[in-house]
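Hi everyone, thanks for coming.

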Amino acid sequence: MKTLKLVTGILSIILFVFVTFQSCAAGLGNALADNGEVSGSAGLMTAICLLTAGIVSIATRNKEKNGGNIACIILYLIGALLGLTMAGSYADLKIWGGYAAICGIIHIISMIGCKK
């Protein structure tokens, strides 16, 4: 599971860049269209959750205690909740929210399955 947590952490940090740029473009499109959507801001918050959870996942992958797993679960699930519920016209946000949910589930399995 250490390798899987490392991989999800690295992918989360890399995806942070893409989600951030897409969110800025979606936010600009929402502002220009004056449609009242908040999908750009929700995408930025999802990207921040991905970044912080990725850093925590990498930093705590070798730890035996569950504090890092719990922090990652909370961050990934908050990002998933934001991404899946506030997508609006920014349809890619559902994909990033789904990725965050999958990573949160991986950390739940890691926490439950690796008890000593």
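Before we start, a helix here means a DSSP run of H or I with at least four residues, numbered from the N terminus. And please keep in mind that this is a predicted model.

With that in hand, let's find Ser110: it sits in helix α4. Is Ser110 buried or exposed? The cut-off for buried is under 20% relative accessible area, and Ser110 has 3%, so it counts as buried. Leaving aside residues up to four places away in sequence, Ser110 touches Met1, Lys5 and Asn69.

Asn69 brings us to α3, as it is one of the buried residues of that helix. Others include Cys72, Ile73, Tyr76 and Leu82. What do the buried residues of α3 pack against? They pack against α1 (2-33), α2 (39-59) and α4 (92-113).

A quick check on α3 itself: it covers residues 67-85, and at 1.5 Å a residue its 19 residues should span 27 Å. The end C-alpha atoms are 27 Å apart, so the two agree.

The α2 and α3 axes are 8 Å apart, and the packing angle is about 165°. That angle is over 145 degrees, which means α2 is roughly antiparallel to α3. The crossing of α2 past α3 is left-handed. By class, this contact has twelve nonpolar and seven polar residues, and no charged ones. On the α2 side you'll find Met45, Cys49 and Leu50, among others; on the α3 side, the residues include Ala71, Leu75 and Ile78.

That's my tour, and I'm happy to take questions!

Terms used
Residues are numbered from 1 along each chain as its sequence is written. This is a predicted model: local features need pLDDT of at least 70, side-chain atom pairs count only at pLDDT 80 or more; totals for chains, interfaces and linings use all residues. Side-chain values use heavy atoms; hydrogens and water are left out. Helices (H or I, at least four residues) and strands (E, at least two) are DSSP runs, numbered from the N terminus. The expected span of a helix is 1.5 Å times one less than its number of residues. Buried means under 20% relative accessible area, exposed over 50%, partly exposed in between (1.4 Å probe, protein chains only). Contact means heavy atoms within 4.5 Å. Axes are lines fitted to C-alpha atoms, for helices over the stretch in contact, and angles run from 0 to 180 degrees between N-to-C directions. Angles under 35 degrees count as roughly parallel, over 145 as roughly antiparallel, 65 to 115 as roughly perpendicular and the rest as oblique. A crossing is left-handed if the near helix is turned anticlockwise from the far one by less than a right angle, and right-handed if clockwise. Ala, Val, Leu, Ile, Met, Phe, Trp, Tyr, Cys and Pro count as nonpolar, Asp, Glu, Lys and Arg as charged, and the others, Gly among them, as polar.
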